Amino acid sequence: MRALPGVESASIAQFQALGGGQVRSAYPEGQAVAPGQSVFITQEVVTPEHFATLGIPLVRGRLLSANDTATAPFVAVINEALAAKYWSDRDPIGQRFAYFNDPIQKTIIGIVRNSTINQVGEEPRPVAYQPLAQFPIPFASIHVRTAGDPGLLTTTVQRALEQLDRRVAVANVGTINDTLNQTLYGTRMGATLLGVFAGLALGLAAIGIYGVLAYSVSERTPEIGLRLALGASPRTVLWLVIRDGLTLAIGGVVIGLAATWALGRYVATLLYDVQPNDPLTLSAVAGVLVAVSLLACYIPCRRAAKVSALVALGRT
């Protein structure tokens with residue numbers, strides 16, 4: 001793979017990117033684990049080039065290397081989430097742990113940044129990366145980082161694998177964007193449905209505001225006629241109706257913002273890279289609602305400003 005034109009880096013991993021990992025019970029050396037409270041770690045078996053291929057930077061220590069063979073001491077590289085969870089009171093470098101039913105102790109040699117394991121927006125999971133040379137696996141994924149469009153190399157990569165051994169089953173050949181779209185399908189569908197229902201709610205709110213204001217203007221027609229007869233300008237009457245509409249709109253927005261601030265954390269799982277009480281988002285939504293309310297006020301305002309004083313007084 002590395003010899004192909006346009007390939008910057010290639011590596012092998014037990015699971016494909018965004019494809020999860022093997023969750024195993026582990027026991028950090030020197031730490032007491034209460035019965036029924038096992039330490040759970042996502043195990044990733046990779047080649048040393050895995051971190052460069054997926055763009056996972058090193059924080060401290062060293063990465064896996066070609067010297068980490070089956071005859072060398074067993075080692076592991078962990079992510080920041082695992083380091084913070086089980087070795088927050090000490091330096092994780094040099095610490096050891098073992099898996100359930102696997103008594104071989106693995107020495108931690110490095111710490112890398114957290115990365116996405118299953119889906120975008122998830123809480124960082126404790127992950128331990130171990131060298132493929134020390135942990136043979138029955139199946140694997142090949143990751144290839146390209147200099148250009150990765151979609152142009154998928155066929156080339158597949159043919160290269162077939163030339164090596166036609167008996168090897170090759171599946172799920174695609175780009176990281178393909179995998180990302182698959183993992184985000186449910187989230188995007190939910191966001192689309194929420195957007196549709198929010199649009200319907202916004203339309204109903206606009207119709208409701210228009211209906212209330214139109215009825216209010218019709219009831220105040222004599223008052224408006226009297227104001228016009230006493231010298232009030234159409235602009236004054238226009239502002240009078242707009243002010244009433246804005247009062248309703250702003251009152252509703254204030255109540256809605258208060259409810260959002262109190263209940264926003266319950267919908268935080270539906271958001272990615274946006275805080276539930278993000279000021280910019282809330283300001284934008286409030287601005288949209290006020291703008292819609294102004295539009296809903298437009299027709300009643302025009303009617304109120306064009307009412308003839310004689311006609312209006314004639315309705316008393």
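Predicted model: local features only at pLDDT ≥ 70, side-chain atom pairs only at ≥ 80, totals over all residues.
**Note on helix packing, one loop and the main pocket**

1. Helix 5 and helix 6 are oblique to each other, because they pack at an angle of about 60°.

2. Helix 5 covers residues 185–219 and helix 6 covers residues 221–229. Their axes are 4 Å apart. On the helix 5 side, Val217, Ser218 and Glu219 make the contact. On the helix 6 side, the partners are Thr221, Pro222 and Ile224. By class, the residues of this contact are three nonpolar, two polar and one charged.

3. Next comes helix 6 against helix 7, the latter being residues 234–263. The two axes cross at roughly 150° and come within 10 Å. An angle over 145 counts as roughly antiparallel, so helix 6 and helix 7 are roughly antiparallel to each other. The crossing is right-handed.

4. Which residues of helix 6 and helix 7 make this contact? Helix 6 supplies Glu223, Ile224, Arg227 and Leu228. Helix 7 supplies Pro234, Val237 and Leu240. The make-up is five nonpolar and two charged residues, with no polar ones. Ile224 is named here and also in the contact of helix 6 with helix 5.

5. Helix 5 also packs with helix 7, at an angle of about 145° and with the axes 11 Å apart. Helix 5 passes helix 7 in a right-handed crossing. Val212, Leu213 and Val217 of helix 5 meet Val241, Asp244, Gly245 and Leu248 of helix 7. This contact divides into five nonpolar residues, one polar and one charged. Val217 touches helix 7 and takes part in the contact with helix 6 as well.

6. A separate point concerns Gln95. Gln95 sits in the loop that runs between helix 2 (80–86) and strand 6 (96–99). Setting aside neighbours within four places in sequence, Gln95 is in contact with Trp87, Arg90, Lys106, Thr107 and Ile108.

7. Finally, the largest pocket. Its volume is about 1400 Å³. The lining has 44 residues. Gln16, Ser141, Ile142, His143 and Gly174 lie nearest the centre.

8. Which elements give two or more residues to the lining of this pocket? They are helix 1 (50–54), strand 9 (141–146), helix 3 (154–164) and helix 4 (176–183). The largest share, six residues, comes from strand 9. Across the lining as a whole, 22 residues are nonpolar, 18 are polar and four are charged.

Key:
Residues numbered from 1 in each chain as written. Heavy atoms only, no water. 1 Å grid on protein atoms, 1.4 Å probe; cavity = no way out; pocket = protein on both sides within 12 Å on 5 of 7 lines; lining within 4 Å. Points joined across faces, edges and corners; volume = space filled by probe spheres on them. Nonpolar A, V, L, I, M, F, W, Y, C, P; charged D, E, K, R; others polar. Axes fitted to C-alpha atoms, helices over the stretch in contact; angles between N-to-C directions. Parallel < 35°, antiparallel > 145°, perpendicular 65-115°, else oblique. Contact = heavy atoms within 4.5 Å. Left-handed = near helix turned anticlockwise from the far one by under 90°.
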